[in-house]
Amino acid sequence: MTVWLESIFIRSLAVLSEPDPYKRLRLSDGGGAAQTHPYKNMPGILTTKDSIPPFPTDIPTIPLLLISYDLLTRPIGDPAGDEEKKRMFQACHELGFFYLKDLPVNSESMWDLADEFFGYSQEEKDKYDMGATGNYFGYKKSGAFVIDKKGTLDRTEFLNISKDQVLGVDPNPAPQPRVVTENPVVLKSFMTGCHNVVEAVLRTLSIHLGLNPEFLGNLHRIDRLGGDQARFTRAYPPPEGVSPMDPNTMAHTDYGSVTVLFNRLGGLQVLTPGNKEWLFVKPLPGTAIINLGDALVKMTGSVLRSNQHRVVTPPAAQAQCIRQSIVYFSRPDNDVRLAPIPSPLVTQEMKDASQNPEDYPTSGEWISNRVKSRLQVNYKGEESYTKGLKVLGGIIRYRMPDATDPPLHSLLLLGGLSTRMRTPKFLLQIPPTHCPLYAHNLGLLRDLTGDRTCMSLRSTQSPFLDLKYIDGVDYVYDKPEWRDIGPAGGLLSAHQKVPDATWLVLAVDFPLVAKEALEQLVEAHKNTKTPVTCFYNHEGFEEPLFAIWTPDALETLKANVADGKTGPAFTVRHLLGRKKGQGPTDIPGYIQPNHKKWLRNANTPDEWNNVVKELGREEETVERRVNQDQTLFLRTGGSKHKDSVSQKDVEEGLERAIAG
Ligand SMILES: O=C(O)CCC(=O)C(=O)O
Ligand SMILES: [Fe+2]
């Protein structure tokens, strides 16, 4: 072993065997690192505004939008201001992170307060420990949080200072460290400045969510009890054996609404939504980094995004520095329930969610639970950690409705011969209106797609249709080349008729389908942008005949049909990349219906009777229906008494019926 290797080896051993992490850090300091900070025995370099080593120019960073507070706060109608608001909303929808300049906040003195606080003895700081009950104000020492399911400890200490404490809103103030009691002016100025930023952001969001401009701001009142807080954070360079890319803080989304973050050193990383790469956020002097938290995600059904981020050792020359940050976290007032807000953009899924406010946690409960789940003292192994850690943001994401989306067409498939039902399904009468099933489903489609509504049928079916139901509805017969391939023939014939159209396809035999089902599908399609968007049933099977098919998807279907793969389900799986044996959950394009009944099929008289019962009209059975109206029954000479009829019987029956 060379002398060089040996000395490193011996030093590492000494480092690793030292139980105190702070001493370990000092040992690992190698004796060479500058100790320019005023506090004794502290590893790493304490920087000031003017002594920050440069952020490297050769590493990839995330190109956040730079938004101007001045422009943002111009009155509605000011062209530059309106444009800035639009850019900010887009950033909040797509990433949930942006830079903000022209700030109305003085953060300079806060860095000095942070230096002062972290310079206190450990014993002094521990007096203000935030405890384990879900309280989120006070001091958290390094290692009090668990950052992954294995139980790894975090490496950041912080002090959270309550807005309500500083501004005198809290009727029961808690004891505070000297740095807080002695600096009310600095803290008040910082907090009110940051709250102004939060209000400007919330106002812009409210406007773009189609709400009263003050809607969200009214849920975040500076004079109401809430979880708003200023935070000083500090992390030391990593001890030996810890890689600079091992996070100091866990990958997380913020809990609250709007976070105003001041960084001088690098280290903050954001997980990019598309390619899931961690990219550094480069600190820009004179700006704050603004990011959204989960409360806004919950209240908007993910129209707004809270993106995952984490903190690692600052890059390159900054790695030896003590990393501090100054933050202001805003949350909805404690008594606000995190229920969907009445914005037209809030997704249908959220609108279908419970209307009872009691079903949603209050902001206060939500934050408290999230904090508890992160504490090391509450860590009970991998499984419970993962369960307790319901990270909401950054997972679900919806695309905004796009004004340039071409209008949707819809196609009702009247279906083939319903041999097992003994009467054509499309003619079954649906209580309570007793209109035939095709008319009922056509009505739902027409409400959605107007004169872009079409039926796929056979010529033998048309005489049974009642003009009053189909007036103005287009129709398409299967092209000869696709006549015998089942429903794919209907889809391809419609595609050939209007090649540019995206079709919402619905088979006639979903008797319990509702308007909300179509809306859920449309909304999902707008957001996933997959070539086909398809419900799956409770057994996990796709329903390709209750789906949205784009022209591209129909071209693929055409090619597959030419290849002998005539089942539309095959093409759906092919297009959405569903492998054999794989469940549909989490595959974009596969949609679980909000109500199971929407996908109920009826293939036999018994199944139909059950549907009828479900609709509350027990007497409206198939037998009665059949006996009542012989023109709708397949007059097959005695087949009434059989359990089933052959395909030939049905064809003949239909022909006889048409003939008179
Ligand atoms: O220190 C930073 O740059 C970010 C800290 C952070 O993400 C947080 O405290 O939530
Ligand atoms: Fe954060």
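Helices (H or I, at least four residues) and strands (E, at least two) are DSSP runs numbered from the N terminus.

This is a predicted model, in which local features need pLDDT of at least 70 and side-chain atom pairs count only at pLDDT 80 or more, while totals for chains, interfaces and linings use all residues. Residues are numbered from 1 along each chain as its sequence is written, chains are lettered from A and ligands numbered from 1 in the order in which they are written, and side-chain values use heavy atoms, with hydrogens and water left out.

Leu437, Tyr438, Ala439, Asn441, Leu442, Leu444, Leu445 and Thr449 are the buried residues of helix 14. Here buried means under 20% relative accessible area, exposed over 50%, and partly exposed in between (1.4 Å probe, protein chains only). Glycine 450 follows the helix and has a positive phi, near 55°.

A nonpolar core is a set of buried Ala, Val, Leu, Ile, Met, Phe, Trp, Tyr and Cys residues joined through side-chain atoms within 4.5 Å. The largest such core has 69 residues, and Tyr438, Phe546, Trp549 and Trp608 have the most contacts inside it. Helix 14 gives the most to this core, with six residues. A second, separate core of 66 residues includes Ala91, Val180, Val198 and Leu219.

Seven strands form an open sheet of mixed pairing, in the order 17-16-13-18-20-19-21. Strand 17 (474-477) and strand 21 stand at the edges with a single partner strand each, so one side of each is left without a neighbour in the sheet. Two strands pair if DSSP finds at least two bridges between them. Strand 13 (residues 409-413) and strand 16 (residues 453-457) pair in the parallel sense over four bridges, and leucine 412 stands opposite methionine 455 in strand 16.

**Cavities**

The structure holds seven cavities of 30 Å³ or more. A cavity is a set of points, on a 1 Å grid over the protein atoms alone, where a 1.4 Å probe fits but cannot get out, and lining residues have an atom within 4 Å of a point. Grid points are joined across faces, edges and corners, and a volume is the space filled by probe spheres set on the points.

The largest cavity is lined by 31 residues, of which Arg231, Thr249, His252, Val311 and Phe329 lie nearest its centre. Strand 5 (229-235), strand 6 (249-252), strand 7 (258-263), strand 11 (309-311) and strand 12 (323-329) are the elements that give two or more residues to this lining. The second largest cavity is lined by Leu46, Thr47, Trp111, Asp115, Arg264, Leu265, Ile322 and Gln324.

| Cavity | Volume | Lining by class |
|---|---|---|
| Largest cavity | about 390 Å³ | 13 nonpolar, 11 polar and seven charged residues |
| Second largest cavity | about 80 Å³ | four nonpolar, two polar and two charged residues |

In these classes, Ala, Val, Leu, Ile, Met, Phe, Trp, Tyr, Cys and Pro count as nonpolar, Asp, Glu, Lys and Arg as charged, and the others, Gly among them, as polar.

**Two residues with positive phi**

Serine 302, not a glycine, has a positive phi of about 70°. Serine 302 is found in the loop between helix 10 (294-300) and strand 11, and counts as buried at 2% relative accessibility. Aspartate 586 also has a positive phi, near 70°. Aspartate 586 lies in the loop between helix 19 (568-576) and strand 21 (590-591), and counts as exposed at 76% relative accessibility.

Methods
On a 1 Å grid over the protein atoms alone, a cavity is a set of points where a 1.4 Å probe fits but cannot get out, and a pocket is an open set with protein on both sides within 12 Å along at least five of seven lines; lining residues have an atom within 4 Å of a point.
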